[in-house]
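I opened a new page for this structure.

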2 protein chains.
Amino acid sequence: MPPGSLGRILEIGRQLAAIQRTDRPVGKPALVAVFAADHGIARAGVSAYPAEVTGQMLANFAAGGAAINVLARTAGADLLVADFGVAHRPTALCESPSLRIQPIRDGTSSFHDRPAMSREEAYLAVERGLRLGEEFLEAGRYRVIALGEMGIGNSTTAAALIAALTGCSAEAVVGRGTGLDEAGLKRKLTVLRDALELHRVRATGVWDWLECVGGFEILGLAGLAIAAARGRALVVLDGLISTAAGLVATRLCPTCADYFLAAHMSPEPGHRVALEALKLRPLLDLGLRLGEGSGSAIALPMIAAAADILRDMATFDSAGVSEPPSCPPSELRP
Amino acid sequence: MPPGSLGRILEIGRQLAAIQRTDRPVGKPALVAVFAADHGIARAGVSAYPAEVTGQMLANFAAGGAAINVLARTAGADLLVADFGVAHRPTALCESPSLRIQPIRDGTSSFHDRPAMSREEAYLAVERGLRLGEEFLEAGRYRVIALGEMGIGNSTTAAALIAALTGCSAEAVVGRGTGLDEAGLKRKLTVLRDALELHRVRATGVWDWLECVGGFEILGLAGLAIAAARGRALVVLDGLISTAAGLVATRLCPTCADYFLAAHMSPEPGHRVALEALKLRPLLDLGLRLGEGSGSAIALPMIAAAADILRDMATFDSAGVSEPPSCPPSELRP
């Protein structure tokens, strides 16, 4: 085709080709992995919604009624929902191949005044994500893993992690999450600023910050991202929280960044900071701020199309289409 | 869901709901319609590719090897290819339900020094597009019609139409098309400027400009867009050329603009001018400049997802999810 004429679609095709080490890559099958957990920091009033919603949404995922159920189905992707530490777990939930109840603990401690978890819990959360990734990659032979999350308060946790790992300020990463009002936003900023100040006294390395801030689902997603990269799957990051998980993954294992694709740009300021740190340019800009993996699921058909184009399209040569009389000079420059 | 949390996806859902007059809209089935024709203006050296490529690509579409064949298939959409006036038509082409050979004439005259077509040919091109749209809408019950095109030289024709219909300058709409070099771009600008000056002497109304500039596939697509709007289908515009057709359609029938969705932002300057005139904000920005309907086909799964979300997703109420304690003040403002 004319050079560069499919823009970012071709870039995705090239990334898939490099990951799969073939010039005939595939963009399917895909798995959307939604990890859920609660955050002690939610008690500091940093979310527009009560903490009960995490468990209620877990039930909604299990019943197939959430946005991510619809979006995964529309994209032809499998869905894995994992409970990494939901506080108000609905009693009627049954474990199934697509729903895993494997809490580290029923929510983190509030990192406003103490560490979110122990060092052992941090190790365990990352390891469980990694093992779950390995298990699903082996069983489903997934070529694409789309990350998603649910956890009331987790935009505060993600913002704190991004600030800590990139060295930027609380102001640069704070946002409205799922619809915080002006007073709530001010409160969230104060909480973030206080917490970062508190933990900066002793936190130096990545694991210190994971222990101090959390959360369980973010660490689990970081483990999953590492497993996916090791299994040569493309890792699709969604918004603020899953991109924070991606950032954590690259601090634990720098080479996995090559396996990442940023699905979209969320309106959360911290998301932009994390994407810049990861040197990723988001594919879509749709004003999405739902989470759940909604953005990464919406990007899946474009990823499938990118692989299909490389694999199934005729070249000008094979189709007998004339090339330009001479290569335009601009194409000859390096 | 939290207000506005699915951003533009929900906007598309609302547009489909309004078009279909239901709160349970559908985003399928979809038809990708690629109209092809040749342009006399190509003889003025305004394209990087020879005019033979239009016919060669028509054969490639018929053989299923082009990007749009792959992208329509990946999106689960039907494909209609129509020849509205290809100059170098391959001899082996067989008419089929998905390939229509219905040329107005074998390419327009060069609007560099004369009108591209007669008034009767202009009427005929729009009418054939309209009738083809009616026929396919009736047979396929399409809810979404994605526009695409092929025609060496047609970015010059589209730019001229956009400049003429919006009253802006040749400089504001000229672009590299499919990979024109610096010298080619200068030539194209001179040709555009001369042609606009020549025809401005007598062209006053929309039909004057359609007759003076052309081209057959653009006028056909304008007719198709009008038929689609009348048939309550969403019309997905692709890049510069199909958006020029959309602009023509709204000048012939202003209400059809409500049925339009701009799939993406192409790097062609004239595309931005046409989108602004149509008050459309493109959904994607992927650096696509292939044409064929590639951008509109890539947008189809997102349109299907938007309908599925409105139709199949549980509400917070039905899923037993808690609402925020009180509606945030920002949501109460009009």
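**Entry 1: a helix pair**

I started with helix H1 (residues 7–20) of chain A and helix H12 (residues 294–312) of chain A, whose axes come within 8 Å and cross at roughly 75°. Angles of 65 to 115 degrees count as roughly perpendicular. So I noted H1(A) as roughly perpendicular to H12(A). The model is a predicted one, and I kept that in mind.

Next I looked up which residues touch. From H1(A), I listed A:Ile9, A:Leu10, A:Ile12, A:Gly13, A:Arg14, A:Leu16 and A:Ala17. They meet A:Met302, A:Ile303, A:Ala306, A:Ala307 and A:Leu310 of H12(A). I then sorted the residues of this contact between H1(A) and H12(A): ten are nonpolar, one is polar and one is charged.

**Entry 2: the two chains**

How is chain A laid on chain B? I found a turn of 180° with a shift of 0.0 Å along the axis, and the RMSD is 0.0 Å. I wrote this down as the relation of a two-fold axis.

Then I turned to the interface. I found 54 residues of chain A in contact with 54 residues of chain B. Of the interface residues of chain A, 100% are also interface residues in chain B, so the copies meet through the same surface.

What area is buried between chain A and chain B? I noted about 4,300 Å², with 68% of it given by carbon and sulfur atoms. Last, I looked for salt bridges between chain A and chain B, and the count is zero.

Note on methods
Residues are numbered from 1 along each chain as its sequence is written. Chains are lettered from A and ligands numbered from 1 in the order in which they are written. This is a predicted model: local features need pLDDT of at least 70, side-chain atom pairs count only at pLDDT 80 or more; totals for chains, interfaces and linings use all residues. Side-chain values use heavy atoms; hydrogens and water are left out. Axes are lines fitted to C-alpha atoms, for helices over the stretch in contact, and angles run from 0 to 180 degrees between N-to-C directions. Helices (H or I, at least four residues) and strands (E, at least two) are DSSP runs, numbered from the N terminus. Angles under 35 degrees count as roughly parallel, over 145 as roughly antiparallel, 65 to 115 as roughly perpendicular and the rest as oblique. Contact means heavy atoms within 4.5 Å. Ala, Val, Leu, Ile, Met, Phe, Trp, Tyr, Cys and Pro count as nonpolar, Asp, Glu, Lys and Arg as charged, and the others, Gly among them, as polar. Copies are superposed by least squares on the C-alpha atoms of residues with pLDDT of at least 70 in both. Buried area is the accessible area (1.4 Å probe) that two parts lose on being put together, summed over both. A salt bridge is a side-chain nitrogen of Lys or Arg within 4 Å of a carboxyl oxygen of Asp or Glu.
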